[in-house]
Amino acid sequence: PGPFSAHPKRDPETGELHVTGYFFGWDFLQYVVVGNDGQVRKTVDIPVAGRPMIHDCAITENFFIVFDLPVLFTPEMIEGGAGVPYQWNEDYGARVGLLPRDGGAEDITWHEVDTCFVFHPMNAYEDPSGHVVLDVVRHSKLFDSEQLDVDTPTLTLDRWIVDPKGGSVKESRLDDRPQEFPRHDERLIGKPYRYGYCGSSVDGGLFGGLLKHDLEQGTTQYRDEGPRRFFQEPVFVPRSEDADEDDGWILSYVHDDDRDAADVVILHSQDFLGEPVATIELPTRVPFGFHGNWVPDNS
């Protein structure tokens, strides 16, 4: 019935898509479920106090996770000619909503979190105690001026633990290096997982190298191909449908400054720092921030 946010989540068990809908003309958000037949089978309107920007969402076995964060539609910015009329609002606060996937708006529980913004969660799941574990790339502040600025030194990979029975979110830091575009093995969306992959730069920019996080061991590998090679989002491709987690490949666009064009670099995920399996030279540049998904062929 309305617009989608950028990142629907595909349930690996059912194949259905789960997504947040938002629009600056609404005083609510929407939880939308799209069935395998391409038809919307469920829509839930979720009232919110402001009109927040919603870029992504997350799911677990039993919950749809909603972000209500302080980057808000600001109509005065339209008069000033802003192309994206959303701005940081410190007083709005920040919270995470747990909506039972089989429930309605009256069933959602809200949980406060320290003020921040999240473009992309890495994944979420429920632990044995029933708590929701949510791993996110956290921006301590965003769009705090008329510029669409991203303050890379304040980007971190954090873990939030949410008790569906109530209370604030418990926050901890997984990695304090600037990073964005988190990905993992999408066969494990909404399930416990071990490995995650992000784009990062030790020089403070948003693009540069790649990070591979072992969340079980608490270790991280950093791949860097020098100051003229800029990796973008790392996408994991499993070797086969039933391959182990992390048994597969990492695909990433890489901007090559010397050619002023992009390569597609394919790494073996278990040899993250080794030589690429393949490098495909493209004839043109791929803009920074372009990201999406791989699709297997039918053969």
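Okay, ground rules. It's a predicted model, where local features need pLDDT of at least 70 and side-chain atom pairs count only at pLDDT 80 or more, while totals for chains, interfaces and linings use all residues. Residues are numbered from 1 along each chain as its sequence is written, and side-chain values use heavy atoms, with hydrogens and water left out.

Pockets, then. Rolling a probe the size of a water molecule over the atoms shows where empty space is left. Here a pocket is an open set of points on a 1 Å grid over the protein atoms alone, where a 1.4 Å probe fits, with protein on both sides within 12 Å along at least five of seven lines; lining residues have an atom within 4 Å of a point. Volume is the space filled by probe spheres set on the points, which are joined across faces, edges and corners.

The largest pocket holds about 1000 Å³. Its lining has 34 residues, and Arg10, Arg183, Glu186, Ile189 and Asn293 lie nearest the centre.

Strand E21, residues 248-256, supplies the largest share, 3 residues.

Now the cores: sets of buried Ala, Val, Leu, Ile, Met, Phe, Trp, Tyr and Cys joined through side-chain atoms within 4.5 Å. The largest has 42 residues, with Leu134 and Trp160 making the most contacts inside it. Strand E6, residues 63-68, brings the largest share, 5 residues. There's a second, separate core of 11 residues, with Met122, Leu157, Leu188 and Cys198 among them.

So where does histidine 213 sit? In strand E17, residues 209-214. Histidine 213 is buried, at 2% relative accessible area (buried is under 20%, exposed over 50%, partly exposed in between, with a 1.4 Å probe and protein chains only). Beyond four places in sequence, histidine 213 is in contact with residues including Met122, Leu157 and Cys198, contact being heavy atoms within 4.5 Å. Its side chain also makes a polar contact with that of threonine 220, at 2.9 Å. For polar contacts, read N or O atoms within 3.5 Å, where within protein one must be able to donate a hydrogen and the other to accept it, and sequence-adjacent residues count only if both atoms are side-chain atoms.

Notes. Helix = DSSP H or I, 4+ residues; strand = E, 2+ residues; numbered from the N terminus.
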